[in-house]
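I opened the notebook to record what I looked up in this structure. The entries follow the order in which I consulted it.

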Amino acid sequence: MSHSDILKLLMDYFPTAVNTGRSLVFISEDWRIELNERKNPHFGQNGRNVPIIRVRVFKKTLSGEFLPGHYEDFQIHPINELALQIERYIQYAVGRNIRENV
């Protein structure tokens with residue numbers, strides 16, 4: 001499964017995200033969330049064809065800039081379980097449901 005396939009599949013789960021070609025981005029007045037695929041040096045070895053998706057959380061400062069905060073890497077298969085765990089992580093990180101609005 002290629003990078004663009006993974007982003008397209010995740011777009012189905014997160015209709016409020018914007019696909020930049022490099023990542024999926026959720027943006028609101030206070031938050032910016034990015035989902036990127038990371039290079040896995042062991043991709044394809046030992047039958048592990050599960051991509052690594054990095055979720056980065058940015059908080060808007062008083063000056064209007066988005067400051068990078070924490071991030072987490074997810075390596076879960078199947079895609080619906082990956083999307084569910086990412087959604088839960090973001091919801092707890094920002095205190096809102098991303099399916100509606102960040």
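Entry 1. Leaving aside its neighbours within four places in sequence, with which residues is Leu10 in contact? I found Leu24, Leu35, Ile79, Leu82 and Ala83 in contact with Leu10, where contact means heavy atoms within 4.5 Å.

Entry 2. I noted the basis of these values. The model is predicted, so local features need pLDDT of at least 70 and side-chain atom pairs count only at pLDDT 80 or more, while totals for chains, interfaces and linings use all residues. Residues are numbered from 1 along each chain as its sequence is written, and side-chain values use heavy atoms, with hydrogens and water left out.

Entry 3. I then listed the elements. The chain has two helices and five strands, and from the N terminus they run α-β-β-β-β-β-α. Helices (H or I, at least four residues) and strands (E, at least two) are DSSP runs, numbered from the N terminus.

Entry 4. I looked up the totals. Of the 102 residues in the chain, 34% are buried; buried means under 20% relative accessible area, exposed over 50%, and partly exposed in between, with a 1.4 Å probe and protein chains only. The accessible surface of the chain is about 6,300 Å², and carbon and sulfur atoms account for 49% of that surface. These areas come from the Shrake-Rupley method with a 1.4 Å probe; for residues, only the protein chains shown count as cover. Among contacts between residues at least 6 apart in sequence, 41% join residues at least 24 apart.

Entry 5. I turned to the sheet. In which order do the five strands form the open sheet? The order is E1-E2-E3-E4-E5, with antiparallel pairing; two strands pair if DSSP finds at least two bridges between them. Strand E1 (18-19) and strand E5 (66-74) are the edge strands, each pairing on one side only. As background, strands of a sheet pair through backbone hydrogen bonds, either parallel or antiparallel.

Entry 6. I followed two of the pairings. Strand E3 (residues 31-38) and strand E4 (residues 52-60) run antiparallel and are joined by eight bridges. Leu35 has Val55 in E4 as its bridge partner. Seven bridges pair E4 with E5, again in the antiparallel sense, and here Arg54 has Asp73 in E5 as its bridge partner. E4 and E5 form a hairpin with five residues between them. Gly64, in the turn, has a positive phi of about 95°.

Entry 7. I checked a charge and a ring. The charged end of Lys59 sits over the ring of Trp31, 4.7 Å from the ring centre. The criterion is NZ of Lys or CZ of Arg within 6 Å of the ring centre and within 35 degrees of the ring normal.

Entry 8. Ala83 lies in helix H2 and is buried, with a relative accessible area of 2%. Not counting residues up to four places away in sequence, Ala83 touches Leu10, Tyr13 and Phe14. Val94 is also in helix H2. Is Val94 buried or exposed? Val94 counts as buried because its relative accessibility is 10%. The C-alpha atoms of Val94 and Val57 are separated by 8.3 Å, although these residues are 37 residues apart along the chain.

Entry 9. I searched for aromatic pairs and found two. Rings of Phe, Tyr and Trp (its six-membered ring) pair if their centres lie within 6.5 Å; planes under 30 degrees apart count as stacked, over 60 as edge-to-face and the rest as tilted. Why is the pair of Phe14 and Phe26 edge-to-face? The planes of Phe14 and Phe26 are at 85°, so the pair is edge-to-face, and the ring centres are 5.5 Å apart. Phe14 lies in the loop between H1 and E1 and Phe26 in strand E2, twelve residues apart. Both Phe14 and Phe26 are buried.

Entry 10. Phe74 and Tyr89 also form an edge-to-face pair, 5.6 Å centre to centre with 70° between the planes. This pair links strand E5, which holds Phe74, to helix H2, which holds Tyr89. Phe74 is buried at a relative accessible area of 9%, and Tyr89 counts as buried at 18% relative accessibility.
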